[in-house]
Amino acid sequence: MTNQQSWPQGIFTARLIEELAAQGAITLARPFDADQVQPASLDLRLGEVAYRVRSSFLPGPDHTVAERIAELTLHELDLTDGAVLERNCVYLVPLLETLDLPAEVSAAANPKSSTGRLDVFTRVIGDRARGFDILPAGYSGPLFLEISPRTFPVRVRTGSRLSQMRFRSGETRLSVAEHKALHAAETLVFDANEEVGEGVALSIDLKGAERNGLIGFRSKRHTAVIDVDRKDALDVLDFWEPLINRGSDEFILDPDEFYILVSRESVHVPPDFAAEMVPFDPLVGEFRVHYAGFFDPGFGHSAAGGTGSRAVLEVRSREVPFLLGHGQTIGRLVYERLAESPDRLYGAGLGSNYQAQTLKLSKHFRPYPAV
């Protein structure tokens with residue numbers, strides 16, 4: 001697009017995201033939903049059709065996504081009245097938002113927290129992309145969402161929001177020294193397991209002392225369908241097996257099982273920053289601990305209704321059983337500076353589902369008595 005203004009460096013706030021839309025950098029098939037723009041991210045909405053494809057793919061530099069869909073589609077689903085996406089199938093859905101980004105603005109996507117907690121694997125794809133979930137500075141074109149439910153069949157419809165997008169300009173990630181300085185000033189992590197450095201290290205809680213020994217949940221197989229747009233509708237025990245500490249500080253992950261666990265530490269994202277969960281060591285590849293990695297400004301912030309919040313972990317072992325120990329480091333929370341002070345914070349009157357959380361399933365389930 002032709003730049004209409006000079007964009008500040010940092011992660012874009014809600015105001016700047018709305019300004020991108022006003023300038024034509026985000027094109028909408030219909031106006032924003034009332035709560036679609038989050039403090040430092042934009043929820044992305046499904047379009048009217050889902051393509052069941054033979055496999056996941058990247059279009060590569062010589063192809064559009066639509067060209068690949070035409071080659072790989074098995075059948076189509078009309079989403080206007082809702083449709084069920086089956087487990088272990090791969091779907092491509094055009095999104096209602098398209099981009100025409102300024103030359104200095106890039107975008108990155110991640111599943112929403114509720115999506116990750118249902119073990120629904122999602123990735124955003126753009127035309128001629130060489131990677132998932134990354135749209136380079138100046139990208140102009142449509143957006144598609146790859147969706148693959150891994151544990152539960154899910155019902156979606158036009159307008160359902162499974163993924164979110166951040167916009168940034170310039171270098172946004174804090175250095176080691178900046179992380180340490182911010183932690184000294186604002187306390188990024190409570191009861192730290194190790195020194196703050198290249199982000200905040202998070203470890204796993206396998207004691208459950210604050211929850212009558214409840215350390216997490218393991219998903220059940222062959223369950224009913226989950227409607228992604230219905231909150232507080234489902235009984236936990238119809239979909240999950242509670243996991244109780246019986247005196248051990250260790251737990252073995254079974255391959256091909258899905259778990260919801262929680263961090264030992266509480267974390268805090270100050271108002272002028274955002275954060276993202278990343279693996280603490282890519283060489284430790286035996287298990288995956290997080291689908292949904294964005295933490296908006298105000299997460300765990302006392303003025304926004306939190307006094308530190310736990311990080312909920314969506315855990316899946318890979319090829320072999322893997323032994324976890326209480327306090328074992330499982331990820332890092334890396335902080336990024338915002339482009340400006342935000343006009344809204346996570347949890348501050350926004351109806352945010354996970355402020356001040358401890359161990360919490362997705363918003364689709366009624367509260368479990370022991371949590």
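**The whole chain.** I began with burial: 57% of the 371 residues of the protein chain count as buried. I kept in mind that this is a predicted model. Next I looked up the secondary structure and found four helices and 27 strands in the protein chain. Then I turned to the contacts with a separation of 6 or more, and 81% of them are between residues 24 or more positions apart. For the surface, I noted an accessible area of about 15,100 Å² for the protein chain, with 47% of that belonging to carbon and sulfur atoms.

**Helix 2.** Which residues are buried in helix 2? I picked out V65, I69 and L72, in a helix that covers residues 65-72. Looking down the axis of helix 2, I saw that its buried residues fall within an arc of 80°, so they line one face of the helix.

**T13.** My last stop was the loop between strand 1 (10-11) and helix 1 (14-22), where T13 sits. Is T13 buried or exposed? I put T13 down as buried, because its relative accessibility is 0% and buried means under 20%. Leaving out residues up to four places away in sequence, I listed what T13 touches: P39, A40, L338, E340, S341 and P342.

How values were computed: Residues numbered from 1 in each chain as written. Predicted model: local features only at pLDDT ≥ 70, side-chain atom pairs only at ≥ 80, totals over all residues. Heavy atoms only, no water. Helix = DSSP H or I, 4+ residues; strand = E, 2+ residues; numbered from the N terminus. Buried < 20%, exposed > 50% of the residue type's maximum accessible area, 1.4 Å probe, protein only. Contact = heavy atoms within 4.5 Å. Arc of directions from axis to C-beta. Areas by Shrake-Rupley, 256 points an atom, 1.4 Å probe, with all protein chains shown as cover.
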